[in-house]
Amino acid sequence: MSRSDVAAKLKEHGVLPTPQRLEVAAVLLERPQHLSADQLLEKLRAQGSRVSKATVYNTLNLFGECGLVKELTVDPSRKYYDSTTHAHHHFFHVETGKLSDIPANQVEILGLPQLPPGTEQESVEVLIRIRDKK
Ligand SMILES: [Zn+2]
């Protein structure tokens, strides 16, 4: 994705494309992937970027809030940012921490509980935790 495409994508989501936000978005939106804030920071550092850790965290929060990326909390200590925002499911490898996509049409949900009064369903996402066979 070119820099001007990244800028356009930010604007589409109501985000002002500052140089730092562009840097973060360019890395994350480069391809379909799931990155934690620390993994993203590592990639930025490897490119010689000097964006601070706090900026990366704040920027990712902002991107998550505006729907530019999807936030995935697989356990309370690990949050990932997904560059694929349409509905899909995930495998989560508990030993390696690796997330991989499962296309939405590969999971069939046969029954769901009645929703609490006054609510409507927004989405259903399945996380299948996996580990290597012993
Ligand atoms: Zn995903």
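**Exercise 1. Which residues in α3 meet which residues in α4?** Describe how the two helices pack.

This is a predicted model, in which local features need pLDDT of at least 70, side-chain atom pairs count only at pLDDT 80 or more, and totals for chains, interfaces and linings use all residues. Residues are numbered from 1 along each chain as its sequence is written.

*Solution.* 
- Step 1: find the helices. α3 covers residues 37-46 and α4 covers residues 53-65. Helices are DSSP runs (H or I, at least four residues), strands are E runs of at least two, and both are numbered from the N terminus.
- Step 2: list the contacts. From α3 come Ala37, Leu40, Leu41 and Leu44; from α4 come Lys53, Val56, Tyr57 and Leu60. Contact means C-beta atoms, placed from the backbone, within 7 Å.
- Step 3: sort these residues. Seven are nonpolar, none is polar and one is charged. Here Ala, Val, Leu, Ile, Met, Phe, Trp, Tyr, Cys and Pro count as nonpolar, Asp, Glu, Lys and Arg as charged, and the others, Gly among them, as polar.
- Step 4: take the geometry. The axes of α3 and α4 come within 10 Å and cross at roughly 125 degrees. α3 is therefore oblique to α4. Angles under 35 degrees count as roughly parallel, over 145 as roughly antiparallel, 65 to 115 as roughly perpendicular and the rest as oblique. Axes are lines fitted to C-alpha atoms, for helices over the stretch in contact, with angles from 0 to 180 degrees between N-to-C directions.

**Exercise 2. How many residues does the contact take from domain 1 and from domain 2?**

*Solution.* 
- Step 1: Domain 1 is 3-82 and domain 2 is 88-130, from an automatic or database domain assignment.
- Step 2: take the spacing. Their centres, over C-alpha atoms, are 23 Å apart.
- Step 3: count. Each domain gives six residues to the contact.
- Step 4: look at the domain 1 side. β2 (70-75) and β3 each give two or more residues.
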